[in-house]
Amino acid sequence: MTQNRTSEDVFHDSASDPSGPAATTAAASAAASATAPATASAAAPGTGPGPAAALPDGHPSARPLAEGGVGDAPLLQRLRGRPVQAPPSVWFMRQAGRSLPEYRELREGITMLDSCLQPELAAEITVQPVRRHRVDAGIFFSDIVVPVRLAGMSVEIQPGVGPVIEHPIRSEADVDALPELGDDYEAALAPISEAVQRTVAELTPAGVPLIGFAGAPFTVASYLVEGGPSKDHLRTRTLMRDRPEVWARLAAWVAELSGRFLRAQVLAGASATQLFDSWVGSLSAEQYLAHVQPHSAAVLSRVADLGVPRIHFGVGAAHLLTPMLEAGATAMGVDHRLSLRDAVSALPAGTPVQGNIDPAVLFASEAARQAEARSVLTAGAAASGHVVNLGHGVPPQTDPQVLTDLVSYLHEQPVPSQAASEGRA
Ligand code: 1CP
């Protein structure tokens with residue numbers, strides 16, 4: 001554990017990033033000062049819906065880097081679509097977890113979900129990949145089914161399988177019996193808030209923001225209905241078609257569950273959010289708009305007033321990019337099946353993007369990996385802001401050194417100009 005080390009020991013040189021506080025456009029800073037209270041102006045997003053930032057005093061995003069906060073960290077500026085003079089920003093989905101030997105060591109003898117609910121452990125696991133790889137953000141170590149457990153339902157994450165629900169939700173009676181999300185649920189979120197507070201106490205002095213996350217209603221509900229991982233989500237899609245009103249009650253319940261989980265993380269110190277709708281690609285645009293988008297919008301609206309960037313990510317969801325943005329996201333995560341260039345052209349101008357290095361290159365030659373990294377940087381430069389990520393999570397068998405080397409390679413690259421990205425330079 002790190003409690004005997006100061007964050008300066010842990011992060012030494014990254015605390016004095018030579019890029020310094022990032023530049024903002026005149027329009028973006030004018031918008032920020034016009035709408036946000038002085039203490040939180042650095043947190044106002046440049047794009048997207050939502051009123052002025054209302055973060056608690058002392059929140060890491062309420063102060064700029066120069067004053068010991070993270071409000072203007074380059075990664076956050078890029079997520080707000082503001083131009084930044086700084087090396088590329090990068091983090092990896094599933095950067096915390098099984099690819100790290102120090103994670104496997106800490107997890108010995110404790111189940112996945114129990115480890116998420118021990119604040120000191122969850123904070124340490126969140127910080128591990130930041131310390132090792134020098135990525136530009138932490139992703140909170142938790143899981144999309146943690147709130148299901150906190151609401152009182154019986155769920156386990158089985159090694160090698162994923163989330164397994166003891167009593168799947170398949171009928172109207174099952175939906176009637178869903179636990180109420182009252183004060184008990186609020187109290188149950190306390191270990192999440194504590195874990196976030198412990199994490200940001202370590203990350204903030206190094207200028208590294210924490211990204212909070214939640215599972216979107218379709219993806220979480222698909223585990224609840226199927227009872228575990230599923231390839232085609234057939235039962236869930238059948239429920240949506242057969243009993244749309246029952247589906248709508250289930251999805252609304254999940255939206256409240258996930259939305260409150262996400263809000264607790266932001267209030268406790270997370271500076272950006274990501275809504276994972278990993279399995280939404282199995283729906284048509286028509287089904288998404290009718291039965292899912294309003295519920296995902298309900299989750300995102302739970303944090304809109306806090307003014308932190310809201311990233312929305314789905315797998316195989318090229319046909320849903322704009323509807324997912326319109327659910328109230330301010331930036332879109334793109335998986336590796338879609339070219340980042342096509343994603344940028346398909347999205348409304350000014351939409352920041354995140355992605356999308358193919359995880360397969362983590363197992364290919366260094367030359368192939370670096371070529372993919374450069375190509376993703378070039379494509380991303382056509383967007384108003386680009387944060388580098390993989391197109392999906394880090395595979396457990398990844399050699400951690402490959403990730404560390406990829407981060408340092410990315411940090412050495414110039415950010416290509418928009419003209420170069422468009423083939424004009
Ligand atoms: O014992 C272990 O180490 C279990 C592996 C593991 C880990 C490390 C699971 C089981 N979840 C997590 C943590 C986790 N899950 C994080 C935080 C860490 C990080 O990203 O670095 C996050 C953001 C998630 C989110 C999550 N859980 C998603 C969305 C992202 C994605 O990968 O698409 C999903 C779909 C889950 C469900 C889940 N949890 C775990 C597994 C193996 C799965 C997927 C199972 C399936 O295929 O359905």
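Asn356 sits in strand β8, which covers residues 353-357. The peptide bond that leads from Gly355 to Asn356 is cis, and its omega is near -15°. Most peptide bonds are trans. The model described here is a predicted one.

**Overall make-up**

The protein has 20 helices and nine strands. Of its 425 residues, 53% are buried. Among contacts with a separation of 6 or more, 73% are between residues 24 or more positions apart.

**Two residues with positive phi**

Most residues other than glycine have a negative phi. Arg94 is not a glycine, yet its phi is positive, at about 60°. Arg94 belongs to the loop between α3 (74-79) and α4 (101-106). Arg134 also has a positive phi, near 60°, and is likewise a residue other than glycine. Arg134 lies in the loop between α6 and β1 (138-139).

Are these residues buried, exposed or in between? A residue counts as buried with 20 or more other C-beta atoms within 10 Å and as exposed with 12 or fewer. Arg94 has 17 such atoms within 10 Å, so Arg94 is partly exposed. Arg134 has 17 as well, so Arg134 is partly exposed.

**Helix α18**

Helix α18 runs over residues 366-380, which is 15 residues. At 1.5 Å a residue, α18 should span 21 Å, and its end C-alpha atoms are 21 Å apart, so the two values agree. The buried residues of α18 include Arg369, Ala373 and Val376, as well as the run Leu377, Thr378, Ala379 and Gly380.

| Helix pair | Axes come within | Crossing angle |
|---|---|---|
| α6 (residues 119-133) and α10 (residues 190-203) | 8 Å | roughly 40° |
| α18 and α19 (residues 400-412) | 11 Å | roughly 45° |

The angle between α18 and α19 makes this pair oblique. The crossing of α18 past α19 is right-handed. Which residues make the contact? On α18 they are Arg369, Gln370 and Ala373, and on α19 they are Leu406, Tyr409 and Leu410. By class, this contact of α18 with α19 holds four nonpolar residues, one polar and one charged.

Helices α6 and α10 are therefore oblique to each other as well. The crossing of α6 past α10 is right-handed. From α6, the contact takes in Pro119, Glu120, Ala122, Ala123, Thr126, Val127 and Val130. From α10, Pro191, Glu194, Ala195, Arg198, Thr199, Glu202 and Leu203 take part. The residues of the contact between α6 and α10 fall into eight nonpolar, two polar and four charged.

Note on methods
Residues are numbered from 1 along each chain as its sequence is written. This is a predicted model: local features need pLDDT of at least 70, side-chain atom pairs count only at pLDDT 80 or more; totals for chains, interfaces and linings use all residues. Helices (H or I, at least four residues) and strands (E, at least two) are DSSP runs, numbered from the N terminus. The expected span of a helix is 1.5 Å times one less than its number of residues. Axes are lines fitted to C-alpha atoms, for helices over the stretch in contact, and angles run from 0 to 180 degrees between N-to-C directions. Angles under 35 degrees count as roughly parallel, over 145 as roughly antiparallel, 65 to 115 as roughly perpendicular and the rest as oblique. A crossing is left-handed if the near helix is turned anticlockwise from the far one by less than a right angle, and right-handed if clockwise. Two residues are in contact if their C-beta atoms, placed from the backbone, lie within 7 Å. Ala, Val, Leu, Ile, Met, Phe, Trp, Tyr, Cys and Pro count as nonpolar, Asp, Glu, Lys and Arg as charged, and the others, Gly among them, as polar.
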